[in-house]
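Please keep the sequence and the coordinates at hand while reading.

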Amino acid sequence: MEHIRTPKVENVRMIVTPRKSTVGTLYLSSTHTIFVENSEALKETWVLHSLVYNVERLPANSSGSPLIIRCKNFHVYRLLILQEKDCLDVLACLTRLSRPERYGELFCFSFNPNLDKELREKAWGFIDLKAEFSRMGIPRNLWHVTAANHEYRLCDTYPSELFVPKSASPAVIVGSAKFRSRGRLPVLSYFHRDTGASICRSSQPLSGFSARSSDDEQMLQAIMKSNPVSEFMYVVDTRPKLNAMANRAAGKGYENEDHYTNIKLQFIGIENIHVMRNSQQKLIDVGELAAPSMSDFLWGLENSGWLKHIKAVLDAGVFIAKAVAEEGVSVLVHCSDGWDRTAQACSVASVLLDPYYRTIKGLMVLIEKDWVSFGHKFSHRYAHLDGDPKEVSPVMDQFLECVWQLMQQFPCAFEFNERFLIQLHTHIYSCQYGNFICNCQKERRDLRLKERTHSLWPHLWENRAEYTNPLYRTGHSQTRGVLKPLTTAYCFKFWKGMYSRAEKSVASYQSPADCLNAVREESQQLEEELSAHQERLAQLKERKTSGERKKSNKLSERVPRPIPIESELSSPLDYFTAPRSEKNTPSFTLPLQLAAPHKNGDPDDLSTCSDFESGVADLSSYSSSGGDDTKDPDSDEVVKANA
Amino acid sequence: MEFAELIKTPRVDGVVLHRPFMPTVEGTLCLTGHHLILSSRQDNTEELWLLHANIDSIEKRFVGSLGTIIVKCKDLRVIQLDIPGMEECLNIASSIEALSTLDSVSLMYPFFYRPLFEVIEDGWQLFVPEEAFKDLESMTDEWRLSEVNKDFSVCPSYPSLLTVPKDIDDESLCKAASFRHGGRFPVLSYYHKKNGMVMMRAAQPLTGTNGRRCKEDEKLINATLCAGKRGYIIDTRTIAVAQQAKARGGGFEQEANYAQWRRIHKAIERSNVLQEGLIKLVEACNDQSHSMDRWLSKLEASNWQSNVKEILTTACLAAQCIDREGASVLVHGTEGTDSTLQVTSLAQIILDPACRTIRGFEALIEREWLQAGHPFQQRCAQSAYSNGKPRSEAPVFLLFLDCVWQILRQFPCSFQFNENFLIMLFEHAYASQFGTFLGNSVAERLKLLLSQKTVSLWSWVNRPQELERFLNPLYEPNNLVIWPSVAPQSLLLWEVPLQMHEMPKEHMDCEISMC
């Protein structure tokens, strides 16, 4: 609390859109910034400090000091604070609190959802990777768990349990680890039961211009042989070839096809974390443009290069999935360190290959396996602690977006919906749960995270109704087995739900999926009612036959199906903007402001500004039980957190 | 003329048909006067029946004696036919070329088509102006139905009956007509029941360079304003374009003469520019290079999405003036037959829930497009693939449907019809067995005796068996004004008419209807 100089500021204006704002009180707690509207509803907005990406103060003007809070999940809050001193205090406080310096300061260590010790332990066991590897149906005669990394002796960023070919001797395993960057030797990531081919992962070999390691060569040979029907294997280097070549000068690089027998080397060309970081920043800027023209938007989208990178990641996944499923050939995937692009490529391929990973639980398992356990550097990439900004990069964002792009092409193939992906994204950054803290398993163990923090997975699982895609159909011809997406450029869309939060809240008045869920719930309710009536009927008949005649007029009360939207669907938006070409023409041609006497019907009258929200809320109240579930899942989360 | 003269080879066996996202079919190719037919002659496989009128252009290729004809359709489908035998292939190609470019309207298929269903409700009689006027009369007595254009001499592109302010006599109408491009004087387009405000449409005033004025025109539109109220004139062109129009005798309303009106200029492109946009867009979609940068820059260069945004924004503006500002609106561009109709019809979809039902939407198309004199035949004579010299083709109607689709996407529960309905209208506007979209105006249609000699599209669509395909299972009627978002990230590319996928949305619809 020592950083909070001003815990409460009154008469703060929150600017929702250029023409809409609310006045309220701003509170600063040790974990959240809370804005409470002065209106009767006392609507609260909670912003977790650990989700704050940056805070920007604009020069003060006559109405106050503007403060912009940008969050890591792309929410942006614009505040106007009357006193400049208050504004400076809030700025200083948020700047400090949003950049914790030690793990101990993170929210997950104080977050306490009232679970007893036993429940907490059970929660951590919710995702079981041992069970996952046995689900894959790995043949025990070909693959086994090696003890080589016990106590992280071989590789401190890998999990302690590693699946390797049974034919690889301990010496080969150790030798191979020595020949790989940071000891990240080739190990099994996914086994495809249908073809016997596997996906393995590693870091780059320390080959330089001429070095070789017979152990590493034997290791790859062993992996290839573990797929008995195949005569070669692919080595997918997910980097652009130039980058891989440049690494040779540093004594690293890629496999020399002359030294390794029967490998085919394939470069994919996913750019490095620095390129991705800059690209995403440009994309965020596009999302923040005020009233952009179509050209501004499309040009910005192209200029960011973001969709090109997403396509590269998906292309990598498609290549691997094709090799494994269609050719029946095993693949070793690596990049430089094998924890960013490699994780992306392996997990995208897994989603394409295995319908299990397209379920709610399956995606959790996949993230736990390919990302958490294999040492994706969550704390560095998502800036959990104040650290090197060059380590930060939206690697996981890209994976989640690849899944979203696939959902657009295969609307019936995924058990979860967009909300699930967005919620995952938020928690990767939020530090509310312990799952994504630290950079590898060893660090997590050393910090005793399982004893001191809570697991996100059971929490998401309990709320899965909210994350379920009503269109999900396991038996659908398009969604059974391996997904074969189109990767033509036009198949990649701007992810509005993620990058254009403000626009989304204004524009998505009606969601077909929500309607569908509501209708489903309603029909289920009706069916239950029907069976209750039938039961009653049977009872009455019985009574009738037994000579008793009692009349009952009491019908069970049925909630009438409400009209989806009761108030206006929205207010009109800013349609008055002049066409671009006329910026410099004399003012008489510009749209003229109408005279004032329209106060009552003014669409931007602040008192009526919430009418678009009621449309959304009414949709969810479609189901009679949904009355309490209308809250934003995010805010729901933090309210509980504070309780 | 006999079609047989044009058909050099009526039948070829062993032809292979390739269609995107679909399995190939081998069968017999037949040419008739109006159709290209491919049948595998097996019971369970479908046959391809393609109207010659739907063919925009063809390409021939030869590998040895195997010929290939790529048929590019006006509805943007592309199919490939592999035809064994060079002579057969050449004959088929030249026959298709001849049959698909017949100029005479009376040779079109609708004049030969005999329905296989019983016409229960004649679409030609379904939407008559008198009926629409009865509805209006029940709400207000400020308007009358004028027969001034009975013989189409005042305005050849208007229907014979027009709704005009009660206090304006036919003589004034004639004078106002002489002051408007093509005689299209201001007429009622829509009456907003909620507050009594109206939307009118017209063509540009013929002010010319010396600022001509017409008292009757001023009086006509002022008659629609309540005392002390102001109205908006929405000119769909930029001020620069409107200025230029003066040199050719056109122009815009001068403030001084229309003191009660505020003029707003928007920037909807002229129809020839829209056509170029469509050609560029289709080319971008067919670029197989898979490069993201190229796709996005080509999409941007086509300006298609910008056009959608501008049209939709203008319609929203008109609706906002009427519903929120409580002001009446006059919409016009140059001729008043293209962008004007896009704006007035979309504004009605936003304002009037009735237009979001199937019947209401049909009535809207009948009222605001067919009877309002949108030159369908000229605009839809060629499409994106044509090699012919462009005349006055333009995807004006397609853009309107695209905008409707955008609103439908944002309000999936507010429309009785679904995407298929819009696609169907797009296809029939370009080539059809029905007479509905033939001709350029009511006058032309009367002359062609369409209602006697052809079947109306509505006669077919409104049969319960057909309607089923077009119903939106999520429809929940509501009486609200719906305000779409026009932000670029809210507007998506309408992919289905562009043949980019194998209709993934259909799965969604089928899933939805199962509930």
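A surface patch is built here from residues with over 30% relative accessible area and no salt bridge, and nonpolar side chains are joined into such a patch within 5 Å. The model is a predicted one, and the values that follow are computed from it. In chain B, a nonpolar patch of this kind is formed on the surface by B:Phe62, B:Met86 and B:Leu90, which together have about 240 Å² of accessible area.

**Surface patch**

- B:Phe62 counts as partly exposed because its relative accessibility is 32%, and partly exposed is the class between under 20% for buried and over 50% for exposed.

**Salt bridges**

- Over all chains, the structure holds 54 salt bridges.
- In chain A, the side chains of A:Arg180 and A:Glu255 meet in a salt bridge with an N to O distance of 2.9 Å, and this pair links distant parts of the chain, 75 residues apart. A:Arg180 sits in the loop between α4 (170-178) and β10 (187-191), while A:Glu255 sits in the loop between α6 (241-248) and β13 (263-267).
- Another salt bridge in chain A joins A:Arg212 to A:Glu217, with 3.1 Å between the closest N and O atoms. The two partners fall into separate accessibility classes: A:Arg212 is partly exposed at a relative accessible area of 49%, whereas A:Glu217 counts as buried at 12% relative accessibility.
- In chain B, B:Arg379 and B:Asp338 form a salt bridge whose closest N and O atoms are 2.7 Å apart. B:Arg379 lies in helix α11 (residues 376-379) and B:Asp338 in the loop between β14 (328-332) and α9 (339-351), so the pair ties together parts of chain B that are 41 residues apart in sequence.
- B:Arg379 and B:Asp338 are both buried. Elsewhere, A:Glu56, A:Arg70, A:Arg78 and A:Glu288 are joined into one network by salt bridges that share partners.

**Nonpolar cores**

- The largest nonpolar core has 213 residues, and the members that touch the most other members are A:Phe399, B:Trp295, B:Phe361, B:Phe400 and B:Leu425. Helix α9 of chain A (residues 306-327) gives the most to this core, contributing 12 residues.
- When neighbours within four places in sequence are left aside, the contacts of B:Phe361 include B:Ile349, B:Ala354, B:Cys355, B:Phe400, B:Leu401, B:Val404 and B:Leu425. A second, separate core of 25 residues has among its members B:Phe3, B:Ile7, B:Leu50 and B:Val71.

**Annotated positions in chain A**

- An unreviewed UniProt entry lists residues 123-499 of chain A as "domain: Myotubularin phosphatase". Over residues 123-499, chain A is 44% helix and 8% strand, with its end C-alpha atoms 32 Å apart.
- For "binding site", the unreviewed UniProt entry lists A:Asn272, A:Ile273, A:Cys335, A:Ser336, A:Asp337, A:Gly338, A:Trp339, A:Asp340 and A:Arg341. These positions are spread over 70 residues of sequence, yet they cluster in space, with a largest C-alpha distance of 12.4 Å.
- A:Asn272 is found in the loop between β13 and α7 (273-288), and at 23% relative accessibility A:Asn272 counts as partly exposed. Not counting residues up to four places away in sequence, A:Asn272 touches A:Asn243 and A:Arg341.
- The UniProt annotation "active site", again from an unreviewed entry, covers A:Cys335. A:Cys335 is placed in the loop between β14 (331-334) and α10 (341-353), and A:Cys335 counts as buried because its relative accessibility is 2%.
- Not counting residues up to four places away in sequence, A:Cys335 touches A:Ser202, A:Ser203, A:Gln204, A:Asp237, A:Thr238, A:Arg239, A:Asp340, A:Arg341 and A:Thr342.

**A position in helix α15 of chain B**

- B:Ser451 is found in helix α15 of chain B, residues 450-453, and B:Ser451 is partly exposed with a relative accessible area of 34%.
- From C-alpha to C-alpha, B:Ser451 and B:Cys174 are 29 Å apart in space, and they are 277 residues apart in sequence.

Note on methods. Residues are numbered from 1 along each chain as its sequence is written. Chains are lettered from A and ligands numbered from 1 in the order in which they are written. This is a predicted model: local features need pLDDT of at least 70, side-chain atom pairs count only at pLDDT 80 or more; totals for chains, interfaces and linings use all residues. Side-chain values use heavy atoms; hydrogens and water are left out. Patches are made of residues with over 30% relative accessible area and no salt bridge: like charges are joined within 9 Å, nonpolar side chains (Val, Leu, Ile, Met, Phe, Trp, Tyr) within 5 Å. Accessible areas come from the Shrake-Rupley method with a 1.4 Å probe; for residues, only the protein chains shown count as cover. A salt bridge is a side-chain nitrogen of Lys or Arg within 4 Å of a carboxyl oxygen of Asp or Glu. Buried means under 20% relative accessible area, exposed over 50%, partly exposed in between (1.4 Å probe, protein chains only). Helices (H or I, at least four residues) and strands (E, at least two) are DSSP runs, numbered from the N terminus. A nonpolar core is a set of buried Ala, Val, Leu, Ile, Met, Phe, Trp, Tyr and Cys residues joined through side-chain atoms within 4.5 Å. Contact means heavy atoms within 4.5 Å. UniProt positions are given in the numbering used here, feature names are shortened, and annotations may be inferred rather than shown by experiment.
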